[in-house]
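Me: Hi! I'm new to this one and would like to look at a few of its helices with you. Could you walk me through it?

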Amino acid sequence: MNYFRKNSGTGSNKHSSTPIRMRIILGVILVLFAMLIGQLAYLQLVYGSRFKAEVQKTDSTVVSHQVPRGVMYDSKGRVLVGNKATNAITYTKSASTTTADIYKISNALSNYIKISDEKPTKQMAADYYLANEDNNTKISNALPKSAKIDADGNKKTSAEIYQAELAYVEKMNPQLTTRQKTAALIFNKISGAYTLSTIYIKNKGLTDREIAQVGEHLSELPGVGIGTDWQRSYPNGSSIQSIIGSVSTEKSGLPSDSLQYYLRNGYSRNDRVGTSYLEKEYEPLLKGTKSTNQVITKSNGNIQQTKTVYNGQAGASLMLTIDAKYQKQVQATLKRVYSTAVGNGAARYSNGAYAVAMNPQTGALLAVAGINRNTNTGKTTDNALGVINQSFVMGSVVKGATVGGGLINKVITPENNTLPDTAIYLPGSPVKKSVYPVGTFSSLDAETALEVSSNIYMMYLAMKWVKASYVPKSYIHMPNDAFDILRRNFAMFGLGQKTGVDLPGEVSGIEGKSFNDKGNILSGSVLDLAYGNYDAYTPIQLAQYVSTIANGGKRLQPYIVQSVGKTSKDGKKIYISYNKKPNVQQVIPWTLAELNVVQTGFYRVVHGTNGWGTAHPLKNVKPSISGKTGTAQTFYYDAEHPNRKHNIELINATFIGYAPSKNPKLAVAVVFPGLDPDGEGTYTLQVAKAMVQDYFKLHSTK
């Protein structure tokens, strides 16, 4: 310690105290080091195993996976929509996966598979390009200062800088090879995956070679696996697909307009759900119960083990009321007859045609067919759901409800129901009459009025019903509740209101105006309403209405799902857990004598002897048909040019009926809107005839 200086001011031989203090300090330091070493030794010896376990600690997370959707069968047990299993390349993202890892896996996997049904967007390509560290550095150096520093001289956020880099690369538009395009798509899929979630990298068109190559290199592809996926299949054709509806893809995921609803109910954003019609209406049953896996991860985030906790349960099976074979026949008949109408020039301005078959005793829908036609291009597409979401002025088919209401409200009686059949002349309006010449009949009873489809009879009945005052060519006065009186009656039969069918998107129809701009009731339109030439109804409303007459007065809710159950593992048996029971919405309060007036009139429409009968071509059909024809005036409407005015007058041709005339088992409604008035023909009758004959051929032994 001689290198320390000594005090020299006193000349004393006494040594400095500094070395003593240093000795003390060094001693303290040595003691502290000894204590630290002792503590470390103690921790290592006593708690070493605990710390080792902590380092090797794992986390357990439960992850769920979708199961196959429920199968739909027709009334005979034929599969209408099922699930086709397909091989798939999957990826499970660990918590420690970095962008560099994703880039590496994407490039490696692109050597073994090709994705040809998708193309990367410019942003996908740019994301993939920038994932390369060298490219990222090059682009970062190439960015102008303004892209990194804001106007105040502050450095922009990393997110803002990355957006600038993306824009730079997109503008540069680097050309990717075919393999790189596949890698860019894979990179995008993996980047968008949630941690520990399993996604499909490729689940369509996977070849045996691709599966084999990926399988050989799984050890080099952390997170990648080989699994199975399912796709909806239609083994009995797609004619009914417009009723069954669609399912979203994993890519589109949950519909944006219902996102919060699904998330609150336990769905993931990329889950596949029903987006329309039966798939949507019965989503809670069809989705099934997700399988759950326990994913165990190490402390570094890598997946150590995955084991199944619950295998899940496939969605419930639905058995529909529709017979697939009969459905095909009805759709084919509708297409054939409608094509003939188009070929004859009668349907030049028509936008489609519709047909519905229903069991009048239960409400079960037996066939639902529709055609949509683009009047500008002439292209036709299947549109079975038009029967619930398209409204038309239906014409004289509603006259059964008019007569029925008149009887129920004692305006006429079964014994006394003769009314004048002289044309109606309103001041300032064209004459209101029937199809046959003025003066053909001086008066008619209710049955004959239905047989010859007298508009005049219905108008006189309505005036008597609402207590209107009328002087030919001079005066008519209607009470302000005239429309309400008639519409309440039509609603009782199901016309003008939703039927409650188990399909989403049903409309109630369209009501015409009741009053003019001055607040005066539209008296002439009240008369038009009475014989079906004013308000618009849907084809399914016609089917419900004619079924109500056929079965004696029970208005039944139409339905398309008969039962719910579970399909056995081998797919050969269905275990039914629920059966739909007929739902009577209302009972028409008429007597048997009043009902007989309407049913007799409908029978005479087909089998009567009057020369003005409107459905005599069906007279020889077996079994016997009762029904009612209809013709309503309308005008051409160009949906692609809604503001363009057209004065092309057209007609809607309709038919409703049931068979057999006694104890009916089938009710039908046929609508051909927008036909040429000079070419109406018998198209609706042709379709109805085939619907009846085909149905009873299929059920001849029952």
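Me: Which residues of α3 are buried?
Reply: In this predicted model, they are M124, A125, A126, D127, Y128, Y129 and L130. Buried means under 20% relative accessible area with a 1.4 Å probe, protein chains only. Helices here are DSSP runs (H or I, at least four residues), numbered from the N terminus.

Me: And why is α3 largely enclosed?
Reply: Because 7 of its 9 residues (122–130) are buried, the rest of the structure largely encloses helix α3.

Me: What covers those buried residues?
Reply: The cover includes α2 (99–109), α4 (133–142), α5 (158–172) and α6 (178–191).

Me: How should I read the numbering and the cut-offs?
Reply: Residues are numbered from 1 along each chain as its sequence is written. Local features need pLDDT of at least 70, side-chain atom pairs count only at pLDDT 80 or more, totals for chains, interfaces and linings use all residues, and side-chain values use heavy atoms, leaving out hydrogens and water.

Me: New topic: is T448 buried or exposed?
Reply: T448 is buried, because its relative accessibility is 12%. It lies in helix α15 (residues 446–451).

Me: What does its side chain make a polar contact with?
Reply: The side chain of T448 pairs with the side chain of R604 at 2.8 Å. A polar contact is a pair of N or O atoms within 3.5 Å, where one must be able to donate a hydrogen and the other to accept it within protein; residues adjacent in sequence count only if both atoms are side-chain atoms.

How values were computed:
Buried means under 20% relative accessible area, exposed over 50%, partly exposed in between (1.4 Å probe, protein chains only). Helices (H or I, at least four residues) and strands (E, at least two) are DSSP runs, numbered from the N terminus. Contact means heavy atoms within 4.5 Å.
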